[in-house]
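Have the coordinates loaded as you read.

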Amino acid sequence: MTNPYAEVIGDPIAQSKSPAIHTYWLEQLNLTGTYHATHVTSAGLTDYLTQRRTDPDWRGCNVTMPHKQAVMPFLDHLDPLAARVGAVNTIVPENGKLVGYNTDVPGFLEPLQPMLAQSHLFRMARVLGAGGAARAIVTALADQGMVIVLAARDPAKAQVLLGEIDPTGEHHIAELGHFAAPTDFAFDDRVGCFDLIVNATALGMVGHDELAFDLSHAPPGAVFYDIVTSPLDTPFLRAARGAGFRTVDGLSMLIGQADYAFRRFFGAQPPRGPADTELRARLTA
């Protein structure tokens, strides 16, 4: 009797909410299978993949920090989206081959879809951070026709990222500190425009400094999106909500990317819609 399983790997990994998400869906669908977290160090990555490659019960794994780019040389094939992003967060065994996918891109976009389904005269995103998470976010937003202002402590790093992912796009770079100080910029009429402000850094996460962002940089009607999940309600989101802006929290992206991975691991569509409310309650209990 087989015991199909999937897992999430990273270093550290104890904080991952992925096991709770996938286990909830497996229970709701009454599917045979398990999903757990496995601590894998950078030094142990090769051995881990070698062992899993020949395990008939293994359905694949999610990949989190710091392995999203490090795993790529060990895979047999990259999905075109993962190759373009330059990062893999989902590995699936297919016909004896290890295939790398990136479900962070559709996962990030999922909560924005109702807004993006509307037509806009102009779309602009201010993305704060140029690390690994920003690669998937920039890819997602560029594909949605958004002009991106990418802010980083090192603007040269932001320039390289934009050049690799969307070299023909009319995007801009800025120093992260630029958004910490007030601005007296007078925003024009934003009717017909879609403005998004994304925290793609670890700032605001437990154990890190807060993200310094002055709300004077936010155009009227902007949407604030923070990918941090611990705490879920970050100072960045609280300040935005207090000023009347719409907000999207990090669980939205986490659950969205897990949906796409779950389908590949277990061949089933996870329960969403009303089930998301119960799932969120579990994850925040």
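At what angle do the axes of helix α9 and helix α10 cross? The axes of α9 (residues 250–266) and α10 (residues 274–284) come within 12 Å and cross at roughly 115°. Axes here are lines fitted to C-alpha atoms, for helices over the stretch in contact, and angles run from 0 to 180 degrees between N-to-C directions. Helices (H or I, at least four residues) and strands (E, at least two) are DSSP runs, numbered from the N terminus.

This is a predicted model: local features need pLDDT of at least 70, side-chain atom pairs count only at pLDDT 80 or more, and totals for chains, interfaces and linings use all residues. Residues are numbered from 1 along each chain as its sequence is written, and side-chain values use heavy atoms, with hydrogens and water left out.

Back to the helix pair. α9 and α10 are therefore roughly perpendicular to each other (the class spans 65 to 115 degrees). Contact means heavy atoms within 4.5 Å. On the α9 side, Leu-251, Ser-252 and Ile-255 take part; they meet Asp-276, Leu-279, Arg-280, Leu-283 and Thr-284 in α10.

Look at Asp-276 in helix α10. Is Asp-276 buried or exposed? Asp-276 has 17% relative accessibility, so it counts as buried (under 20% relative accessible area, 1.4 Å probe, protein chains only). Asp-276 touches Ile-255 and Pro-271, not counting residues up to four places away in sequence.

Now turn to helix α8 (residues 235–242). Phe-236, Leu-237 and Ala-240 are buried there. Seen down the axis of α8, these buried residues fall within an arc of 90°, so they line one face of the helix. The arc is that of the directions from the helix axis to the C-beta atoms. An α-helix has 3.6 residues a turn, so residues three or four places apart point the same way. The buried residues of α8 pack against strands β7 (122–128), β10 (193–199), β11 (223–226) and β12 (246–248). Just after α8, Gly-244 takes a positive phi of about 95°.

Next, the cores. A nonpolar core is a set of buried Ala, Val, Leu, Ile, Met, Phe, Trp, Tyr and Cys residues joined through side-chain atoms within 4.5 Å. The largest has 35 residues; Phe-108, Leu-141, Leu-150, Leu-196 and Tyr-225 have the most contacts inside it. Its largest share, 7 residues, comes from α6. Leu-141 touches residues including Phe-108, Met-146 and Leu-196. Apart from this core lies another, of 24 residues, among them Tyr-35, Phe-265, Phe-266 and Leu-283.

Key: Buried < 20%, exposed > 50% of the residue type's maximum accessible area, 1.4 Å probe, protein only. Parallel < 35°, antiparallel > 145°, perpendicular 65-115°, else oblique.
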